Amino acid sequence: MQVSSLNEAAPVTAAAQPRSFLRWLLLPVVILAGMGLSVEAGLLGPLGVQVGHLWATLSIFGVGSAILFLLLLLSGRQQGPALNELPRWQLIGGFLGPVYVVVLTLATPHIGIAMTMVAILSGQVGKSVLIDHFGWFGASRKRVNGERWLALALIVVALVLIARGLNMSLFILLLVVVAAGAVLSVQAAINGRLGQTVGVLRSSLLTFTVGTVTTGLLIVFFEPAHAVTLLDVPKWQLSGALFGVVYMMVMVGAVPRVGAGVATVAVIVGQLGMGMLIDNFGWLGNPAIELSGSRILAMACLALALVFMYRSNARQA
């Protein structure tokens, strides 16, 4: 009886090891995708000041849609059901993307990239923990335990360290960015589920196409005319879409495998690290913000949060 039980357990253990290795392998990829988002934010802030925030948002979704369409053509016929056969809630991720990008474009020139990234993290991780806990949007259920509570506490500490000294208007802007982070986490969960059904490329293209149409409609009704247009700016300022496409595809592939909470924290570790560098050196036309001890400590808190979130997921796998 005992020998039989051991033999039956062995394949399970052997199968679990590759899955665990794949999760560790995915984390650096997700962190790099997060670093790309900070570069995207660094490009969007100055671009939004020049051409308007909605036009800057349209550049992200329009260029991203074109890139994904070409990739889809080159990849051949895709497997999976038609979009009209899917549950309607799986198709709303594209409407949420413009909310995040517009807030990002508005916030980075005023509070800096690193502070924007931490505020987004607070909203993302708080919402993603709820998504994992309740299994919303088809995500695997991962209940909130002591390690996850500790990770959330570390994230709050990081936010406090970076947000000290803000006036009331900037504090309100910070709260808006936190809400945008929660929206982004919902989008990641929805897109992760959609990607499992129709594939990464089709899911990402749908999200970017809907984002393009939504932003275009907002421009028609709300965006005033500007002296400078997207055709007038240096073309490197329009490259932010490349980082957005990579992020979208990485998250669609990673969320079902490592969980929304772990993927979210890994992204923000990359975002904050790169954001601090951009702020400190004033790269991409952004104002220089000194890399202080409190910002370094905030980064350490986020790294610890990632460790605790990953350990929590591993225990519940």
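**Exercise 1.** In what order do the elements of the protein chain run from the N terminus on?

*Solution.* Start with the model. It is predicted, so local features need pLDDT of at least 70 and side-chain atom pairs pLDDT 80 or more, while totals for chains, interfaces and linings use all residues. Residues are numbered from 1 along each chain as its sequence is written, and side-chain values use heavy atoms, without hydrogens or water. Now read the elements: α-α-α-α-α-α-α-α-α-α. The count is 10 helices and zero strands. Helices (H or I, at least four residues) and strands (E, at least two) are DSSP runs, numbered from the N terminus.

**Exercise 2.** Describe how H3 packs on H4.

*Solution.* Take H3 as residues 93-111 and H4 as residues 113-134. Their axes lie 8 Å apart, at an angle of about 140°. Axes are lines fitted to C-alpha atoms over the stretch in contact, and angles run from 0 to 180 degrees between N-to-C directions. H3 is therefore oblique to H4. Cut-offs: under 35 degrees is roughly parallel, over 145 roughly antiparallel, 65 to 115 roughly perpendicular, the rest oblique.

**Exercise 3.** Work out whether H4 is largely enclosed, and check its span.

*Solution.* Count the buried residues (under 20% relative accessible area, 1.4 Å probe, protein chains only). In H4, 18 of the 22 residues are buried, so H4 is largely enclosed by the rest of the structure. For the protein chain, 50% of the 317 residues count as buried. Next, the span. Just after H4, Gly 135 takes a positive phi of about 70°.

Key. The expected span of a helix is 1.5 Å times one less than its number of residues.
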